[in-house]
Amino acid sequence: MENEYRYDTQLLIEGENLSEEAISHYFNQHFNGDCLLAVGDENLIKIHFHTNQPWEILEYCSTLGEIFDIVVEDMFRQSKGLKG
C-alpha cells in the first residue's frame, strides 16, 4: 500500500475566531496523519487530512464549532477499485 493512512477525512467547521494556524498546530501535535489542509477564515475552515482515526478528527473539530459536509473515504478500498 502506498499510503499508510487509510481514511481521507474532509469537513467544514463553522464557528467564531477560528485560526488556520492554531488548528494546523493542534493537528501536528496530536494526530498521526498526512496531507493536512486547514484553510479558511475566522468563521469557516475547510479541513482535509489523511488518518487512520477519522473519529478523533471529527471529535476535535466539533469542539471548535459546527461541523458539516463531512466526508470520510476509505482510500484502501478505493485503491482496489471499490467504493470508498
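Two strands pair if DSSP finds at least two bridges between them. Strands (E, at least two residues) and helices (H or I, at least four) are DSSP runs, numbered from the N terminus. The model is predicted, so local features need pLDDT of at least 70 and side-chain atom pairs count only at pLDDT 80 or more, whereas totals for chains, interfaces and linings use all residues. Residues are numbered from 1 along each chain as its sequence is written, and side-chain values use heavy atoms, with hydrogens and water left out.

**Sheet**

- The 4 strands form an open sheet in the order β2-β3-β1-β4, with antiparallel pairing.
- β2 and β4 stand at the edges with a single partner strand each, so one side of each has no neighbour in the sheet.
- From one strand to the next, the twist averages 10°; axes are lines fitted to C-alpha atoms, for helices over the stretch in contact, and angles run from 0 to 180 degrees between N-to-C directions.
- β1 and β3 run antiparallel and are joined by 8 bridges; T9 has F49 in β3 as its bridge partner.
- On β4 (residues 66-74), β1 pairs in the antiparallel sense over 7 bridges. I13 stands opposite I67 in β4, and the bridge partner of Y7 in that strand is D74.
- β1 is largely enclosed by the rest of the structure, because 6 of its 8 residues are buried; buried means under 20% relative accessible area, exposed over 50%, and partly exposed in between (1.4 Å probe, protein chains only).

**Helices on the sheet**

- α1 lies across β1, β2 and β3 and runs at about 160° to β2.
- α2 packs on the sheet and touches β1, β3 and β4, with its direction at about 10° to that of β1.

**Nonpolar core**

- A nonpolar core is a set of buried Ala, Val, Leu, Ile, Met, Phe, Trp, Tyr and Cys residues joined through side-chain atoms within 4.5 Å.
- The largest such core has 13 residues, and those with the most contacts inside it are I13, I23, F27, I47, I57 and C61.
- Two or more residues of this core come from each of β1 (7-14), α1 (20-30), β3 (44-51) and α2 (54-62).
- Apart from neighbours within four places in sequence, F27 is in contact (heavy atoms within 4.5 Å) with L36, I47, F49, I57, Y60 and C61.

**Loop residue N32**

- N32 sits in the loop between α1 and β2 (34-40) and is exposed, with a relative accessible area of 56%.
- Not counting residues up to four places away in sequence, N32 touches Y5, F49, H50 and T51.
- The C-alpha atoms of N32 and Q53 are 8.3 Å apart, while the two residues are 21 apart in sequence.

**Charged pair**

- Side chains of opposite charge can pair when their charged atoms come close.
- The count is 1 salt bridge, defined as a side-chain nitrogen of Lys or Arg within 4 Å of a carboxyl oxygen of Asp or Glu.
- R6 and D74 meet through their side chains in a salt bridge of 2.8 Å, N to O.
- R6 lies in the segment before β1 and D74 in strand β4, so the pair ties together parts 68 residues apart in sequence.
- R6 is partly exposed at 29% relative accessibility, whereas D74 is buried, with a relative accessible area of 7%.
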